[in-house]
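Thanks for coming. I have one structure to go through today, so please look at the screen.

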Amino acid sequence: MSRESDSPRARLLLTGDELLRGFVQDANSGFVAEQLRDLGIELLDIRIVGDDHREIEAAVAAASSDGETDLLVVTGGLGPTHDDRTSEAVARAAGLQLELDDDALALVESRVRAFGRMRTAEEVETFTPGNRKQATFPAGSTWVDPLGTAPGYAMRCESGLVVVVLPGPPSELRHAWSGIRATRQLTELIARVGERHERLVRVWAVPESRAARLLSELGHEDSPARRLTLCARDGELELSVRGTDARAIDDLVTGLCDGFGDAVFAVDDHRPIAEIVGAELTARGWRLGCAESCTGGMVGAAITAVPGSSEWFVGSLVTYANEAKTAVAHVSKASLAEHGAVSEQVARELADGARVVLNADVAVGITGIAGPGGGSDDKPVGTVHFAVSMRGDTRHRHVRIPGDRATVRRRAVGIALHELRLALGSIR
């Protein structure tokens, strides 16, 4: 395996029977991958194993001896129960003794008491073994203040491999990571990161095949100097260009922007589309409203996830039943009878009604068939109508979104926000 640069390389090991058996969905790998990328550390792979300490030990031993890996991040298995054996496995693989840290023990005990435990002699006897277990680390480790009762830690093997062990619960892992970054083991590793550059081009409604053709026309080939990664996400296509040659990267970004033209909606901008739209509305001093049927308030949820959205978002009318469409959004009964709830006419009236009822400057209306039932030959499952209403103008778009119910609803949210973006851009 060839290096992209001389920068450190890492592997991620997620542990836990609950992950392998599907009881819990992985919520940590994306965060860790993002943090490593921001530090300039190349992530080679992600692996999931159960609570079997032999599997964990083998993974640590393999990373320590493969000549490829500089950092191994391990998550999970730091609790007080019998199946929490990550530290035991890591120490054995590294040939190190496990040592109880008195300061860590005092902190763990204080946290347990804060949770209302260890109030009686019986509880002290019950919790003490688990507390000691959570305060025991491989020799030479640097532990960090936990959010709960399980400290994460960083250590270095004799081979030079740095091992970071983090608690499994996502909130505890993220808290621990902020402390781990400041440990000696990590700062020494980060100091090895060479010069790097990264830029981002985001386009809307462009198939990957078109992107591949454009890259071929531009003569792009991946190399340590310039490498491109594509990520398709619900109609958006993200092209991340990174490497050591800033000029070559800039040249490719310019070629991509020229080639994609108006499909480019963001360059070097990682903000979600709802936040990008919000910035445009804020610049105009406009307020937004919505009337949603098949998305059931999901557009409003995406918008209100943006901090400060109350400055530009009025609200969303969730008008699922026809009675709600007429009573709340003022859709005419005649339109429902003649065209049906899923139609261009009703989408337009939803948008117009939301703008008037909510006293907004612009409004979005959505109506569709998310499935799995309710479709017909004329209006199959996945049929969705969108409308954007502004004073003097109402725009409409009709799409067929493939996929299951969750996919149709999720993708409809993105389309609605991009239709709003395009409508705002058309009146500049």
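Predicted model: local features only at pLDDT ≥ 70, side-chain atom pairs only at ≥ 80, totals over all residues.

Residues are numbered from 1 along each chain as its sequence is written, and side-chain values use heavy atoms, with hydrogens and water left out.

The sheet is open and mixed, with 5 strands in the order 14-13-15-16-17. Strand 14 (313-318) and strand 17 (393-400) are at the edges with a single partner strand each, so one side of each has no neighbour in the sheet. On average, neighbouring strands are turned by 15° against each other, direction ignored. Strands here are DSSP E runs of at least two residues, helices are H or I runs of at least four, both numbered from the N terminus, and two strands pair if DSSP finds at least two bridges between them.

Strand 16 (residues 383-390) pairs with strand 17 in the antiparallel sense over 8 bridges. Within that pair, Val-388 stands opposite Arg-395 of strand 17.

Now the loop residue. Thr-295 sits in the loop between strand 13 and helix 12 (298-304). Is Thr-295 buried or exposed? Thr-295 is buried, at a relative accessible area of 0%; buried means under 20%, exposed over 50%, partly exposed in between, with a 1.4 Å probe and protein chains only. Leaving aside neighbours within four places in sequence, Thr-295 is in contact (heavy atoms within 4.5 Å) with Ile-366, Arg-409, Ala-412 and Val-413.

Finally, the helix. Helix 16 (residues 405-425) lies across strand 13 (288-292), strand 15 (362-368), strand 16 and strand 17, at about 30° to strand 16. Such angles run from 0 to 180 degrees between N-to-C directions, with axes fitted to C-alpha atoms, for helices over the stretch in contact.
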